[in-house]
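Here is a quick tour of a few spots worth looking at before you set anything up. Have the viewer open as you read.

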Amino acid sequence: MDLKLDPSRDDLPLMANTNHILVKHYVLDLNVDFESQIIEGSIVLFFESGNRFEKQSGSTKETCQSESSEACRFRMPEPCHSPGTDTRTFSSKTGYNDFAICVKGEKDTSGKDGNHDNPEQACGISSSTYCCDTGNHRNEEFLLVLDCCDLSVLKVEEVDVAAVPGIEKFTKSPKLTVVSEELRNQIVHELVTLPADRWREQLDYYAGCSQAPGCGELLFDTDTWSLQIRKTGTQTATDFPHAIRIWYSTKPQGRSVTWTSDQSGRPCVYTIGSPINNRALFPCQEPPVAMSTWQATVRAAASFVVLMSGENSAKPTQLQKGCTSWHYYVTMPMPASTFTIAVGSWTEMKPELCSSKDLAAERSLSPSETDSRYVGICGHVEYPCRFQNLSATTQEIIPHRVFAPLCLQDACQETLLHLIPPCLSAAHSVLGTHPFSRLDILIVPANFPSLGMASPHIIFLSQSVLTGTSHLCGTRLCHEIAHAWFGLAIGARDWTEEWLSEGFATHLEDVFWAAAQQLAPHEAQEQQELKACLRWLRLQDEVRNSPQEMQVLRPNKEKTGHVSDSGSSVIKHGLNPEKVFMQVHYLKDFLQLLLENIPEEKRLGLSVENIFRDWLESSGIPQPLQRERQAVAECGLARQVSTEVEKWIRVNRRPRKRKRREAEEVFEKLLPDQLILLLEHLLEQKTLTARTLHSLEKTYHLPQQDAEVRHRWCELIVKHKYTKAYKDVERFLQEDQVGRWVHKHHGPRTCGHDLSFPSSLRLCALQAMGVYLYGELMLGEDARQQQVARRCFELTKERMDRSSAEVVAEMLL
């Protein structure tokens with residue numbers, strides 16, 4: 001049943017049969033062990049099936065994947081090898097080390113022989129889509145399929161929810177005398193369908209049910225991408241147990257979590273939003289249609305802080321043996337891929353001064369406050385929605401906390417803390433009610449493969465945004481805040497359609513940042529035009545240097561959002577390493593063009609059909625955008641840069657000894673984006689003298705600028721072998737570029753074996769630039785530059801993400 005995919009070019013399968021049964025709530029009960037680099041414990045899943053899932057119940061279909069007609073095999077789980085420990089009664093009150101003892105003898109039986117049932121059950125696979133639906137024609141038993149990868153599953157069991165005290169209120173009988181599968185499922189149905197105003201009671205019962213004893217182990221098997229579970233004799237999703245517990249542990253090399261050290265050298269772990277999302281953190285349903293709530297209890301040593309995507313600002317509960325427990329929950333249904341966790345020796349960074357006005361604006365609103373004073377009705381499923389609450393609509397600045405290693409305290413004080421209130425307020429002024437009630441911001445370790453990543457209630461930011469001026473930090477913060485609306489509160493029905501979230505967020509970061517700076521309308525317009533100029537250059541370069549199929553924003557075209565009968569699907573190019581560098585979904589922002597830049601008479605010719613055809617389903621740059629850019633003259637700020645470039649060219653051409661009458665060039669002060677554009681133009685010059693580079697460095701204080709500016713400066717250093725500034729290249733590679741560029745996902749590849757890179761890598765964004773610089777250092781075949789590359793790699797390879805480390809190691813061979 002195992003399907004082997006080539007990770008260099010294939011699509012990513014989503015295996016969960018969400019059309020048959022949906023997870024409505026997850027309860028995670030986990031221990032974090034830094035010594036073994038394993039997260040272990042249990043997860044309880046509460047399901048709901050309904051009429052829309054039952055139309056195929058006569059011949060229930062599953063997603064089975066295999067390279068051939070290999071039999072689907074189901075295994076009785078291997079027990080925990082721990083005398084005297086009954087895992088079925090393990091609760092959140094158990095000490096931190098108790099469960100660790102239980103799993104020490106655990107074996108990874110994935111792909112190995114075990115106690116199988118019905119080995120002749122056949123599965124097939126479509127070579128064109130990887131996914132197919134095949135029925136259990138032999139015995140008609142229902143198969144639950146969950147997305148799962150890089151996990152050691154120990155046991156799966158049904159949960160006896162009827163054993164929870166007071167649960168009889170969810171049944172028609174005042175006293176539970178005869179407990180059946182049907183009764184347990186009725187209890188779960190009543191629980192998952194409680195009205196929104198009973199959210200607290202619902203969470204309490206979820207917690208109680210998650211601690212209920214098991215009432216029978218279930219058959220299960222795993223392959224590369226999924227966990228399959230069934231109960232003998234159960235033929236439909238309606239009859240399948242609606243509350244199950246899975247005992248499992250992660251693997252140190254699991255692709256959903258990163259074990260590393262922070263900037264102070266302390267161990268930490270965090271989810272990385274990898275291409276496989278969270279399936280290597282817990283078994284789940286990954287398709288975006290699978291919206292669920294969750295609550296989680298996480299235990300770690302007392303010296304660690306646990307941060308998570310949750311509505312509450314959790315505080316630690318002291319346990320025995322020097323451990324603490326942290327509990328988070330969410331009441332807004334979200335895809336499982338948005339669940340985020342970070343455990344480390346973080347320190348909360350607090351502003352030195354906090355005004356009473358800020359405190360008033362940040363008053364925390366409990367979800368229970370949505371029970372009254374509704375201001376409107378939303379069209380989503382019922383939950384305690386902030387958009388329906390009058391108090392939430394006027395809350396410009398939601399409560400927020402900032403966490404980072406202690407060594408970054410000064411940088412956070414100087415750059416980040418004072419930006420958060422104006423950026424939150426700016427977002428509110430443009431879009432209104434914040435979708436989430438609070439926000440944590442974490443400065444993640446140096447190997448974090450992105451400038452930032454947004455999840456419900458928590459934002460990860462790279463340490464690279466803390467250097468230089470506030471511009472890079474502010475724009476990135478605005479971008480991630482925008483994802484609260486576009487990408488989280490509103491998301492795509494197909495994970496391939498990043499343009500829906502990234503296009504909006506890229507446009508809105510400019511709008512928010514202008515409002516946060518309180519720019520006059522003409523200043524805001526000028527800065528947005530300058531940004532558009534940079535993005536236009538970036539988009540042109542990418543189109544010239546990337547495969548056509550990777551430039552399409554809507555790769556599934558008319559099949560966008562379509563799934564198989566079971567609900568399984570594939571993410572087009574989901575495992576393609578080139579996809580990570582594609583900026584098309586950030587830059588091909590037709591909405592800004594449509595709403596702001598095209599005159600009304602041109603706009604009349606647009607339709608949904610030709611927008612799909614020209615903008616979303618075609619490679620290259622759309623003709624309307626090309627015509628518009630050709631018709632628009634270079635903006636004022638860009639023209640100013642052109643004037644400065646001409647000055648530097650004159651300086652570079654002057655002989656070493658100038659004539660006495662020759663006047664000194666007077667250079668204008670430039671904005672950060674202007675400085676980036678200036679350096680881009682200077683990189684096009686064939687030669688720049690050491691004298692010119694020295695003057696350039698001193699004029700703009702380049703080593704003290706933000707990371708995007710410093711990268712261009714490093715490129716100039718490498719290109720012109722400016723040995724006096726090699727220290728700046730080493731600093732950049734060691735402090736900023738142990739990661740790579742990506743909003744979520746993979747790493748770069750060289751083009752063949754000649755170490756050539758498309759220049760879009762240096763244009764696309766910060767994180768790929770480090771890998772690009774390694775390539776440039778090696779490409780010139782200069783012994784001293786290659787020595788710099790090898791020395792930096794030796795110092796940073798242990799902190800680099802795996803993909804980038806492999807690519808750089810290949811370069812250095």
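Helices (H or I, at least four residues) and strands (E, at least two) are DSSP runs, numbered from the N terminus. Counted that way, the protein comes to 25 helices and 26 strands. Keep in mind that this is a predicted model: local features need pLDDT of at least 70, side-chain atom pairs count only at pLDDT 80 or more, and totals for chains, interfaces and linings use all residues. Residues are numbered from 1 along each chain as its sequence is written, and side-chain values use heavy atoms, with hydrogens and water left out.

Of the 813 residues, 61% count as buried, where buried means under 20% relative accessible area, exposed over 50%, and partly exposed in between (1.4 Å probe, protein chains only). As for contacts (heavy atoms within 4.5 Å), residues 24 or more positions apart account for 77% of those with a separation of 6 or more.

How many of the 12 residues of strand S2 are buried? The count is 11, so S2 (residues 22-33) is largely enclosed by the rest of the structure. Two strands are taken to pair if DSSP finds at least two bridges between them. The pairings of S2, plus one from a sheet we'll get to below, look like this:

| Strands | Sense | Bridges | A residue pair |
|---|---|---|---|
| S2 (22-33) and S16 (291-301) | parallel | 7 bridges | His-25 and Thr-293 |
| S22 (400-404) and S23 (439-443) | parallel | 4 bridges | Val-402 and Ile-441 |

S2 and S3 form a hairpin with 4 residues between them. In that turn, check Gln-37, which has a positive phi of about 55 degrees.

**The five-stranded sheet**

Next is an open sheet of 5 strands with mixed pairing, in the order S21-S22-S23-S25-S24. Strand S21 (347-349) and strand S24 (452-455) sit at the edges with a single partner strand each, so one side of each has no neighbour in the sheet. From one strand to the next, the twist averages 25 degrees. Axes here are lines fitted to C-alpha atoms, for helices over the stretch in contact, and angles run from 0 to 180 degrees between N-to-C directions.

Helix H7 (residues 409-416) packs on this sheet, touching S21, S22, S23 and strand S25 (458-461), and its direction makes about 125 degrees with that of S23. Helix H8 packs on the sheet too, touching S22 and S23, with its direction at about 135 degrees to that of S22.

**H8 against H9**

H8 (residues 420-431) also packs on helix H9 (residues 471-482), at an angle of about 45 degrees and with the axes 10 Å apart. That makes H8 oblique to H9: angles under 35 degrees count as roughly parallel, over 145 as roughly antiparallel, 65 to 115 as roughly perpendicular, and the rest as oblique. The contact is made by Ile-420, Cys-423, Leu-424 and Ala-427 of H8 and by Gly-474, Leu-477, Cys-478 and Ile-481 of H9.

**Leu-406**

Leaving aside residues up to four places away in sequence, Leu-406 touches Ser-264, Thr-347 and Met-349. The C-alpha atoms of Leu-406 and Trp-346 are separated by 7.1 Å, although the two residues are 60 apart along the chain.
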